[in-house]
Amino acid sequence: MTAGVTALSEFALIARFFSRPSGERQGVGDDCALIDVGAQTLAITTDMLLEGVHFLSGADPEALGHKALAVNLSDLAAAGARPRCFLLDLALPQADEAWLEAFSRGMYALAEEHACALVGGDTTRAPRINGARGPVAISITAIGAVDREHYRGRSGAAAGDDIWVSGRFGEAALALAIRRGQLDVPAPYREACLQRMDRPTPRVALGLALVGLATSAIDVSDGLLGDLGHILERSGVSAELWWQDVPRSEVFLQLDVALQQKFVLAGGDDYELIFTARPADRDAIRALAVGGVGLTRIGRIGSGQGLRLLDGDGSIIEATLQSFDHFASGT
Ligand code: ADP
Ligand code: MG
């Protein structure tokens, strides 16, 4: 181990070096920062896609353009923000016209769908290092507007709240395993999984519809358990989660339970929303069928600390599942 290099986790690293109080309405620790500007409150978020970490070399550039913006819009969705505009930073090993054409097409298609304008950015060449081609790095900063009175972050969950999720989980992580040649599934399922990985749908309309209903929310980028863990930590509450109720594709029925749990609970890259709400609002939430996205109640918030994963018969599942952490050993 190099001197001075310790086993700090991604979140310990951020907490230790990059979490000084900012004086802003909401700083480090939520899906978006919140900045009051006159009568408006802006939600700001940034996310990077790095070749070799977030996508495999040779990935379809049109899908990358879509995904680079989608993961940022997903953070705006979690905060209940209406997308407004974004900035694009690119580091590229070379100016490949066909790549750029496809990338910009994918990006603009999603941007137009959400009336979210590209308003600036930065472009630089990724240098060769030790003779090797530099990686493609794509970073987008997205800006949206939130309802100041009804803002929800990760910290509003209270004992007695229901835990809900949108959509279903695990297919994007399964797609990564398929692409790496670690396993395979029948063709129609394979295609559906690859789509989930390459072209996630940010739940922007749902995020807006939940303003005033959800008491807290987060989007799932690193895995269901880990991202729910961020809500629990910031809200100072515990949770029980009902494994049998966690929505997943029937493709998972072919896999043994341990593998299912790995993909569905800790896989990541789902870009669905987890949110909490009061039981009195169940009917209002069920009525929300926004864009055909299913909403499922998968657990309950309690007092105290910790996350208990329960099986259909109420027994505790001892899961040692790790969400994605950029600095965890072995990643
Ligand atoms: P998300 O998955 O929602 O994009 P992350 O897990 O990447 O969020 O980050 C967790 C929190 O830490 C966020 O509030 C993010 O803004 C903040 N954060 C991440 N990296 C840094 C950094 N280098 N400096 C300051 N804040 C950071
Ligand atoms: Mg997020």
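User: Which residue stands opposite I143 in β5?
Analyst: This is a predicted model: local features need pLDDT of at least 70, side-chain atom pairs count only at pLDDT 80 or more, and totals for chains, interfaces and linings use all residues. Residues are numbered from 1 along each chain as its sequence is written, chains are lettered from A and ligands numbered from 1 in the order in which they are written, and side-chain values use heavy atoms, without hydrogens and water. Strand β3 (residues 82-92) pairs antiparallel with β5 over nine bridges; strands are DSSP runs of E, at least two residues, numbered from the N terminus, and two pair if DSSP finds at least two bridges between them. The residue opposite I143 is C85.

User: How many bridges join strand β2 to β5?
Analyst: Strand β2 (residues 40-50) and β5 run antiparallel. L49 stands opposite I138 in β5. The number of bridges joining β2 to β5 is ten.

User: How many residues of strand β5 are buried?
Analyst: Buried means under 20% relative accessible area (1.4 Å probe, protein chains only). Strand β5 covers residues 137-146 and is largely enclosed by the rest of the structure, because the buried residues number nine of the ten.

User: How far is an oxygen atom of ligand 1 from an N or O atom in the side chain of D31?
Analyst: Residues surrounding ligand 1 include D31, D47 and D75. For D75, an N or O atom of the side chain is 3.0 Å from a ligand 1 oxygen atom. For D47, a polar side-chain atom lies 3.2 Å from an oxygen atom of ligand 1. For D31, the distance is 2.8 Å.

Notes: Near = heavy atom within 4 Å. Polar contact = N/O pair within 3.5 Å; in protein donor to acceptor, adjacent residues only side chain to side chain. Buried < 20%, exposed > 50% of the residue type's maximum accessible area, 1.4 Å probe, protein only. Helix = DSSP H or I, 4+ residues; strand = E, 2+ residues; numbered from the N terminus.
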